[in-house]
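Please have the sequence and the coordinates open while reading.

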Amino acid sequence: MSSLAALVIPLVCGSCFFATKSDFDRLQQDVVGTRASTNAADSVQRAYLIEVTRSVRTLTDSINALSRRVNALKTTTETDLTAMKEDISQLQDLSGQSEQRLRDMRAALEDKTAAQPEATAPSDSVASSAAPTGGPGPAQLLQAGRDQLLKGGNVAARAAFSELITKYPRSDLVPEAMFFMAQAFAAERNNDAADQEYAALISRFPKSPRVPTAMYKRALQLQASRKTAEAKRLFQDIIKRFPRSDEAALADERLQSIK
């Protein structure tokens, strides 16, 4: 019996030993395979991350380049707009100087005409604009009224403008006198009278260069009086009739604010 046990026990132990070693080898192979798979996956992920990084860098470079182009274009546009505004301002200054010089020349001519004795009776067209003997002409009255307006003498200014309009109704300076008459009323905060004068100017002299400004002044007064619908229509009319005027640009800004 003891001899049988001595024979069986080593066989059982040997079989247990060989089974454990086989399992260990299989486990080792599994570990090696897992490491290989993990390394392969890591390699794929690393390659993907490198590709994504490269794409992001390229996109960032493109965005930076586009941003630089936009900034350069914006700077160029702003420079061009500034130059255009300066040119417009210079043209307006020159225009104002020319108008002032023309009025001064007309006033001087009227002074000389008034100083000379009348040899013959003037024609109707001349009589409507020339100064009567001993009295100021339309250019003189306009200049006197503007001088008073600049000094704050609104009543005296309106008197000069009114005299021009009454004595020389066919003078081409009547629209100017009406415009500055409205300005004098506005300076006195008599907005209703100013609005009536602007309206009369627009109605009587629709081709006068003062019409866009008169319309814009009326629209501002309407907006200040909370007559928004009427003001909006007048702003739109300015843009439609005088699309290239400064008042059209201002009217468009006002319309944007109304919306």
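## Exercise 1: a residue in a helix

Leucine 250 has a relative accessibility of 35% and therefore counts as partly exposed; the model in which this value was computed is a predicted one.

## Exercise 2: two pairs of helices

Task: determine how α7 is oriented relative to α8, and how α3 is oriented relative to α5.

Solution. In general, two packed helices are described by the angle between their axes and the distance between the axes.

Step one takes helix α7 (residues 211–224) and helix α8 (residues 228–241), whose axes come within 8 Å and cross at roughly 160 degrees. Since angles over 145 degrees count as roughly antiparallel, α7 and α8 are therefore roughly antiparallel to each other. The crossing in which α7 passes α8 is left-handed. On the α7 side, the contact includes Met215, Tyr216 and Leu220, while the α8 side includes Leu234, Phe235 and Ile238. By class, the residues of this contact of α7 with α8 comprise 11 nonpolar, 1 polar and 4 charged.

Step two takes helix α3 (residues 138–151) and α5, for which the axes come within 11 Å and the crossing angle is roughly 20 degrees. Angles under 35 degrees count as roughly parallel, and α3 and α5 are therefore roughly parallel to each other. Here α3 passes α5 in a left-handed crossing. Leu142, Arg146 and Leu149 of α3 meet α5 residues Glu176, Ala177, Phe180, Gln183 and Ala184, and the residues of the contact of α3 with α5 divide into 5 nonpolar, 1 polar and 2 charged.

## Exercise 3: the span and burial of α6

Task: compare the span of α6 with the expected one, and state which helices its buried residues pack against.

Solution. Helix α6 (residues 191–204) has 14 residues, and the 20 Å from its first C-alpha to its last is close to the 20 Å expected at 1.5 Å a residue. Its buried residues are Ala193, Ala194, Asp195, Glu197, Tyr198, Leu201 and Ile202, and the buried residues of α6 pack against α5 (174–187), α7 and α8.

Technical notes: Residues are numbered from 1 along each chain as its sequence is written. This is a predicted model: local features need pLDDT of at least 70, side-chain atom pairs count only at pLDDT 80 or more; totals for chains, interfaces and linings use all residues. Side-chain values use heavy atoms; hydrogens and water are left out. Axes are lines fitted to C-alpha atoms, for helices over the stretch in contact, and angles run from 0 to 180 degrees between N-to-C directions. Helices (H or I, at least four residues) and strands (E, at least two) are DSSP runs, numbered from the N terminus. Angles under 35 degrees count as roughly parallel, over 145 as roughly antiparallel, 65 to 115 as roughly perpendicular and the rest as oblique. A crossing is left-handed if the near helix is turned anticlockwise from the far one by less than a right angle, and right-handed if clockwise. Contact means heavy atoms within 4.5 Å. Ala, Val, Leu, Ile, Met, Phe, Trp, Tyr, Cys and Pro count as nonpolar, Asp, Glu, Lys and Arg as charged, and the others, Gly among them, as polar. Buried means under 20% relative accessible area, exposed over 50%, partly exposed in between (1.4 Å probe, protein chains only). The expected span of a helix is 1.5 Å times one less than its number of residues.
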